[in-house]
Amino acid sequence: MDQSDKDWWRHGIFYQVYPRSFQDTDGDGVGDIRGIIERLPYLKSLGIDAVWLSPIFPSPMADFGYDISDYTGIDPLFGTMDDFDALVSAAHESGLKIILDLVPNHTSDQHPWFIESRGSRDGPKRDWYIWRDGKSEGEPPNNWLSEFGGSAWAYDDATGQYYYHAFLAQQPDLNWRNPAVREVIYEVMRFWLRRGVDGFRVDVIWHLIKDVEFRDNPANPHYLEGRPPNEKILTQYSTDQPEVHEVIAEMRRVIDEFDDRVLIGEIYLPLHRLVVYYGNDLAGAQMPFNFALLSTLWSARSIEKIIADYESALPAGAWPNWVLGNHDRPRVASRVGMEQARVAAMLLLTLRGTPTLYYGDEIGMHQVAIAPDQVRDPFEKNVPGIGVGRDGCRTPMQWNATANAGFSTTRPWLPLADDYTHENVVNLDADAGSVLSLYKALIALRKKWPQLVTGAYQPVAAQGDILLYRREGQDSVIVVALNLGPEPASIASDSIGFGRQILLSTFLDRQGEEIHGALDLRGNEGVILGGPAQAG
Ligand code: NOJ
């Protein structure tokens, strides 16, 4: 066994908690740290290994915590530092890791660093942010656009310059070319690592460094009407600059000052550019998040191609990972439909690489419709009406059928799904055929069969809606057959091999069935087959 076999984050299953929506214990309609502690037994019962928390630091909440005004505190909305320490110890006691969200690209405009920076042109913190003169009177320094709509430059009357903000004007970008900025954030990392956190998910890590000359970005020739306006230009000079890898290698060195920690990068890039984030000699992020499943066309051939492209792009020794949902993208149950969401769960938990689950996907939570007067997401407020809103995937966890779904004793900050009286943890746990039972069975199977974690991935040619692959162990092989369409399909025995037995069906009703010939799948059915490793 070499070191890499021991890395817990390769074997583990990650689970993202959006703290505002997980469990409220103080009756303000917003989730908190005590609530997460209360729900640790649930997380443990699922079988996951690591919990990633979206930001819990002091923040004016313009972007719900992704605008931080103090990197080493806890926002009172979520609790206290004592609560946080209690969470880390309780999680560790039950064998769960805690991953924090590090947001180094930008601070809140209320952060003391920015207040000082905007105070004068020649103060010591001026260069901690990105200040530039306009091109001419009333014209920003260049054509870069904010991801949340409008120019990415805000004019500051007091000192007559513009500052850069890739997101909201309340989220000014730090200047990562300044060594003092790097050092202060590395100290923030050490602060939390010393408190026992097991790693970080780094927000928009591919944004950290911008073009040194701030050249105009080129127009996007493939812009599609109806898409967010920032997509009208490409981000050639504002993101994914070569020097970012230097910064990430430095972050990784901080991580490696401590034992057994992990650096995860949030990166939306095509696969061939994503894999560069593993770094030279794999000294970058251990897990550059692979979001390919979030935006793919849900078809067997597209997914087969994504897996093949990713597997072949991975540098030698780099460990893959897969993500099915997060707090920025529509819920998987709504993207692919509830029937296919079960197939998607089987895919996620049988692919080679660390899976990351998004809270509530295991109970099939869908995208909740948000009435205009209930919109909270600043992206939707800035760019209304084209479906960019992220509130619908951030609604409260549905624990039980009581008022407010057991999430809170009061009206939650976002509306609950109207089907929560049935679609909730208590109900679905009692139902042996539910999506929750499926998730639990899949996770248990992944733990039982090591080749689902470490076995090679071998695609098997298939037709139509069938996605077929093998995960190979020493003496046995697992075959995964997924029907991505609604029609029944049959797979010839020479594609799956002989002596196979069904370990699990997404319908949870065929366990133990011996397959002697062709494998028949119902519409929207996935199965996992076990059997000897002989040629299939
Ligand atoms: C990515 C986060 O996931 C998203 O929620 C946030 O709005 C932006 N970064 C800006 O921090």
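Student: Leaving aside neighbours within four places in sequence, which residues is Gly-284 in contact with?
Tutor: Bear in mind that this is a predicted model. Gly-284 contacts Ile-248, Arg-252, Leu-263, Tyr-277, Tyr-278 and Gly-279.

Student: And where does Gly-284 lie?
Tutor: In the loop between α9 (271-274) and β9 (287-288).

Student: Is Gly-284 buried or exposed?
Tutor: Buried. Its relative accessible area is 3%, and the cut-off for buried is under 20%.

Student: How far is Gly-284 from Ala-249, in sequence and in space?
Tutor: They are 35 residues apart in sequence. C-alpha to C-alpha, the distance is 4.8 Å.

Student: Switching to helices. At what angle do α13 and α16 pack?
Tutor: About 15 degrees, with the axes 10 Å apart. Helix α13 covers residues 338-348 and α16 covers residues 435-448.

Student: What does that make them, roughly parallel or roughly antiparallel?
Tutor: Roughly parallel, because angles under 35 degrees count that way.

Student: Is the crossing left-handed or right-handed?
Tutor: The crossing of α13 and α16 is right-handed.

Student: Which residues meet there?
Tutor: From α13, Met-338, Arg-342, Ala-345, Met-346 and Leu-348. From α16, Val-435, Leu-438, Tyr-439, Leu-442 and Arg-446.

Student: How many residues of α13 are buried?
Tutor: 9 of its 11, so α13 is mostly covered. Arg-342, Ala-345, Met-346 and Leu-348 are among the buried ones.

Student: Back to Tyr-439 in α16. What about Asp-361, which residues does that one touch?
Tutor: Not counting residues up to four places away in sequence, Asp-361 touches Gly-325, Arg-331, Val-332 and Tyr-439.

Student: Where is Asp-361 placed?
Tutor: In the loop between β11 (354-358) and α14 (378-382). Asp-361 counts as buried, at 5% relative accessibility.

Student: Zooming out, how many helices and strands does the protein chain have?
Tutor: 18 helices and 19 strands. Buried residues make up 60% of the 536 residues.

Student: What radius of gyration does the chain have?
Tutor: 24 Å, which agrees with the value near 24 Å for a compact globule of 536 residues. Along the principal axes, the C-alpha atoms fill a box of roughly 80 × 50 × 50 Å.

Student: What share of contacts join residues at least 24 apart?
Tutor: 68%, among contacts between residues at least 6 apart in sequence.

Technical notes. Residues are numbered from 1 along each chain as its sequence is written. This is a predicted model: local features need pLDDT of at least 70, side-chain atom pairs count only at pLDDT 80 or more; totals for chains, interfaces and linings use all residues. Side-chain values use heavy atoms; hydrogens and water are left out. Axes are lines fitted to C-alpha atoms, for helices over the stretch in contact, and angles run from 0 to 180 degrees between N-to-C directions. Helices (H or I, at least four residues) and strands (E, at least two) are DSSP runs, numbered from the N terminus. Angles under 35 degrees count as roughly parallel, over 145 as roughly antiparallel, 65 to 115 as roughly perpendicular and the rest as oblique. A crossing is left-handed if the near helix is turned anticlockwise from the far one by less than a right angle, and right-handed if clockwise. Contact means heavy atoms within 4.5 Å. Buried means under 20% relative accessible area, exposed over 50%, partly exposed in between (1.4 Å probe, protein chains only). The radius of gyration is taken over C-alpha atoms; the globule rule is 2.2 Å times the number of residues to the power 0.38.
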